[in-house]
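Opened the notebook for a quick pass over this fold.

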Amino acid sequence: MMKSMMNSFLCAAKFLTRLPLGKELEHPAALSGDTVVWYAPVGMLIGILMTAIAWFLSQWIQLPPSIVGIVVLITWVGITGALHLDGLADCGDAWMGGHTAERMLEIMKDTSCGVGAIVAVALVLLVKLSALSVLLAQGDWMLLIFPPVIARIALSIVICSMPYIRSEGIGWSLQSNVSTKEIGISGLVLSLVLCMVSFQSFIIAAIASAIAFLLIYRCFIKPVKGATGDIYGALVETVEAFVLVGLVVGS
């Protein structure tokens, strides 16, 4: 039991991050929905790593908040391997050039990068960097845990509740063997942990994530009547950016 749980966690971490996890695991995370329950804990791992780096650079090296923000953002992108930024980029192109659901899905599958992709990625990274710099200038480095955790809780919920409209791909395989109950427990436990860090910040982050979800739903999920892997990526990036802005506004 414990071996299976650890294997699922490591598979989720290997899929969502580029952290060195040693030898090849027994099954790739992209092929088993039982790893989805560990998405939020992996988000916590990402948040802890970013917080540790921010604390070290701010308190020990004493770098300016703007420089620390840049390093943290680069680390953030590096840890995830720009996995979700890729989905955001495809959705940016689809939103700009897709006037029908069929055209949007066609553009999402296109590997080329258009103006919409560049603008979407640039804007999200700019928002993240600006918000990070403000939070770090205020000494609120502990709040960096919130965005990756909340975003992956939102992702897990969408995977469970929204139909995947393609008959193949990573997203389709993720919906197999998904346990809504286990995902709910995982989300609840991590939400309680975030509440212990800061209850006010958790409420703000939850509201911000809801607004981000509504934006993604209105722009992509509703028009195509479901979700895709690219929409999953866009959701994570958008929720993270909105949560960061919310934390700045509420701090």
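This is a predicted model: local features need pLDDT of at least 70, side-chain atom pairs count only at pLDDT 80 or more; totals for chains, interfaces and linings use all residues.

Residues are numbered from 1 along each chain as its sequence is written, and side-chain values use heavy atoms, with hydrogens and water left out.

**Whole chain.** I looked up the secondary structure and got eleven helices and zero strands (DSSP runs: H or I of at least four residues for helices, E of at least two for strands, numbered from the N terminus). Of the 251 residues, 48% are buried, meaning under 20% relative accessible area with a 1.4 Å probe, protein chains only. The protein exposes about 12,000 Å², and 70% of that comes from carbon and sulfur atoms (Shrake-Rupley, 1.4 Å probe). I also checked contacts (heavy atoms within 4.5 Å): among those between residues at least 6 apart in sequence, 76% join residues at least 24 apart.

**Helix α4.** I checked the length of α4, residues 83–97: its 15 residues should span 21 Å at 1.5 Å a residue, and the end C-alpha atoms are 22 Å apart, so the two agree. The expected span is 1.5 Å times one less than the number of residues. Buried residues in α4 include His84, Asp90, Cys91 and Asp93.

**α10 and α11.** The axes of α10 (residues 199–224) and α11 (residues 229–250) come within 8 Å and cross at roughly 145°; axes are lines fitted to C-alpha atoms over the stretch in contact, with angles from 0 to 180 degrees between N-to-C directions.

Note on methods. Buried means under 20% relative accessible area, exposed over 50%, partly exposed in between (1.4 Å probe, protein chains only).
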